[in-house]
Amino acid sequence: MSGGKKKKKGPRIEAAFPMEQDEHFYFIAGYTEGGFPNGITWEEHEAEQNGQLDGQTLQGEVRMIPLKITERQLQELVEAYDMNVDGIEHYLNVETGDVEILNTLDMDEEDERLSWRIEEQLDEVYYQVPHKESYEGYEDMSKFADTVDDEKLREKLYHILNGGKKVFRRYKDALSSDATAVKRYYKFVEERDRERILEWLRAESIEAMIERPE
């Protein structure tokens with residue numbers, strides 16, 4: 001199965017004003033700071049035309065898919081985003097909040113069944129979790145270096161970020177001299193990844209409602 005999302009088809013209606021569209025969105029209202037589009041998807045437009053809202057909630061002009069998710073499930077989603085392994089794809093099931101793993105290189109019967117379900121319900125029940133890009137990792141290291149109080153360590157991190165081979169490895173090796181900085185770095189990155197995942201959900205018109213333990 002292809003790792004990309006299948007294209008949605010729908011009638012392109014002529015409007016009296018310029019209207020931005022793509023294969024996923026019937027109407028693009030704007031973009032997030034991360035460059036993700038917001039608007040009305042083709043499925044939402046077709047459902048509206050048919051008088052069906054499919055249990056979705058209205059937020060401005062965008063109908064949001066409600067997603068009840070626990071802190072543990074959200075953490076699994078963040079970890080899936082941070083994991084980039086060839087042949088391993090992660091999909092969020094918006095009905096359960098679970099992240100399901102698909103092995104595309106060495107499929108067994110369970111993978112075949114999951115692949116079939118995903119193919120049938122892609123962008124309806126299953127949403128492919130994006131993977132963290134290398135430039136985002138570099139951006140995290142750069143922004144974290146700005147927060148380091150130790151001037152000597154901070155300058156060393158800046159020097160590493162300015163170029164050379166194995167920047168990621170050298171950066172972490174430099175941090176390893178300060179156990180507190182290491183712990184703070186991983187917490188910093190996790191929080192930024194969490195923000196990216198929540199931004200991705202909003203871009204997919206999914207409203208995450210995090211269930212917190214009482």
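Of the 214 residues of the protein, 37% count as buried, a label for residues under 20% relative accessible area, with exposed meaning over 50% and partly exposed lying in between (1.4 Å probe, protein chains only). The model is a predicted one, in which local features need pLDDT of at least 70 and side-chain atom pairs count only at pLDDT 80 or more, while totals for chains, interfaces and linings use all residues. Residues are numbered from 1 along each chain as its sequence is written, and side-chain values use heavy atoms, with hydrogens and water left out.

The protein contains seven helices and eight strands; these are DSSP runs numbered from the N terminus, with helices (H or I) having at least four residues and strands (E) at least two. Its accessible surface comes to about 13,300 Å², and carbon and sulfur atoms hold 48% of that area (Shrake-Rupley method, 1.4 Å probe). Among contacts with a separation of 6 or more, 57% join residues 24 or more positions apart, where contact means heavy atoms within 4.5 Å.

Two helix pairs can now be visited in turn. The axes of helix H4 (residues 134–145) and helix H6 (residues 167–175) come within 11 Å and cross at roughly 30°; axes are lines fitted to C-alpha atoms over the stretch in contact, and angles run from 0 to 180 degrees between N-to-C directions. H4 is therefore roughly parallel to H6, since angles under 35 degrees count as roughly parallel, over 145 as roughly antiparallel, 65 to 115 as roughly perpendicular and the rest as oblique. The residues in contact include Tyr-138, Met-141 and Phe-144 of H4 along with Phe-168, Tyr-171 and Leu-175 of H6. By class, this contact has eight nonpolar, two polar and no charged residues (Ala, Val, Leu, Ile, Met, Phe, Trp, Tyr, Cys and Pro are nonpolar; Asp, Glu, Lys and Arg are charged; the others, Gly among them, are polar).

Leu-175, found in helix H6, is buried, with a relative accessible area of 1%. Beyond its neighbours within four places in sequence, Leu-175 is in contact with Phe-144, Leu-153, Leu-157, Ala-181, Val-182 and Tyr-185.

The second pair is helix H2 (residues 71–82) and helix H7 (residues 179–203), whose axes come within 9 Å and cross at roughly 95°. H2 and H7 are therefore roughly perpendicular to each other. Leu-74, Val-78 and Tyr-81 are among the H2 residues that take part, and those of H7 include Arg-194, Ile-197 and Trp-200. The contact of H2 with H7 has eight nonpolar, one polar and six charged residues.
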